[in-house]
Amino acid sequence: MAPLDLAAGWRTGARAQTYVGAGFTRITYEETSDFAASGEDVKESATGLLLLGGVDVALSRWVHIGGEIRYRRVDGVLGSSGVSEIFGERELGGLATSLRVSIGR
């Protein structure tokens, strides 16, 4: 699974900057097997919703820490064949969090 996100948002604050955003995510999903019969391998792409929010805190002029929560939902990639069809899976995405340390201006 390889997501590509495009979002726009709003940022506020000085030392602690909070932000929220929304946009689109494009997910390419590939499911292959050495033992797959003809037509069982899957390679699909679809576009869906992206929502995000987070905070960046300046510890000094050159060092910042931040956290983000991101939600993606993409329908139409899974369920037509392969393991996703067997288990009844229909959508990709979900909730993800990240923590980062940035050095620089």
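**Terms and their grounds**

Tutor: Keep in mind that this is a predicted model. Leu 51 is a place to begin; Leu 51 lies in strand β3.

Student: Why is Leu 51 called partly exposed?

Tutor: Its relative accessibility is 38%.

Student: Which residues make the nonpolar surface patch?

Tutor: Leu 49, Leu 51, Ile 69, Tyr 71 and Leu 95 make a patch of about 440 Å². Strands β3 (42–58) and β4 (63–75) are the elements that give two or more residues to the patch.

Student: What makes Arg 11 and Asp 56 a salt bridge?

Tutor: Their closest N and O atoms are 3.1 Å apart. The cut-off is within 4 Å, so the pair qualifies. Arg 11 is in strand β1 and Asp 56 in strand β3, 45 residues apart.

Student: Is Asp 56 buried or exposed?

Tutor: Asp 56 has 16% relative accessibility. Buried means under 20%, so Asp 56 counts as buried. Asp 56 also forms a salt bridge with Arg 100, with the closest N and O atoms 2.7 Å apart.

Student: What ties strand β4 to strand β1?

Tutor: Arg 70 and Asp 5 meet in a salt bridge at 2.5 Å, N to O. Arg 70 lies in strand β4 and Asp 5 in strand β1, so the pair ties together parts 65 residues apart in sequence.

Notes: Residues are numbered from 1 along each chain as its sequence is written. This is a predicted model: local features need pLDDT of at least 70, side-chain atom pairs count only at pLDDT 80 or more; totals for chains, interfaces and linings use all residues. Side-chain values use heavy atoms; hydrogens and water are left out. Patches are made of residues with over 30% relative accessible area and no salt bridge: like charges are joined within 9 Å, nonpolar side chains (Val, Leu, Ile, Met, Phe, Trp, Tyr) within 5 Å. Accessible areas come from the Shrake-Rupley method with a 1.4 Å probe; for residues, only the protein chains shown count as cover. A salt bridge is a side-chain nitrogen of Lys or Arg within 4 Å of a carboxyl oxygen of Asp or Glu. Helices (H or I, at least four residues) and strands (E, at least two) are DSSP runs, numbered from the N terminus. Buried means under 20% relative accessible area, exposed over 50%, partly exposed in between (1.4 Å probe, protein chains only).
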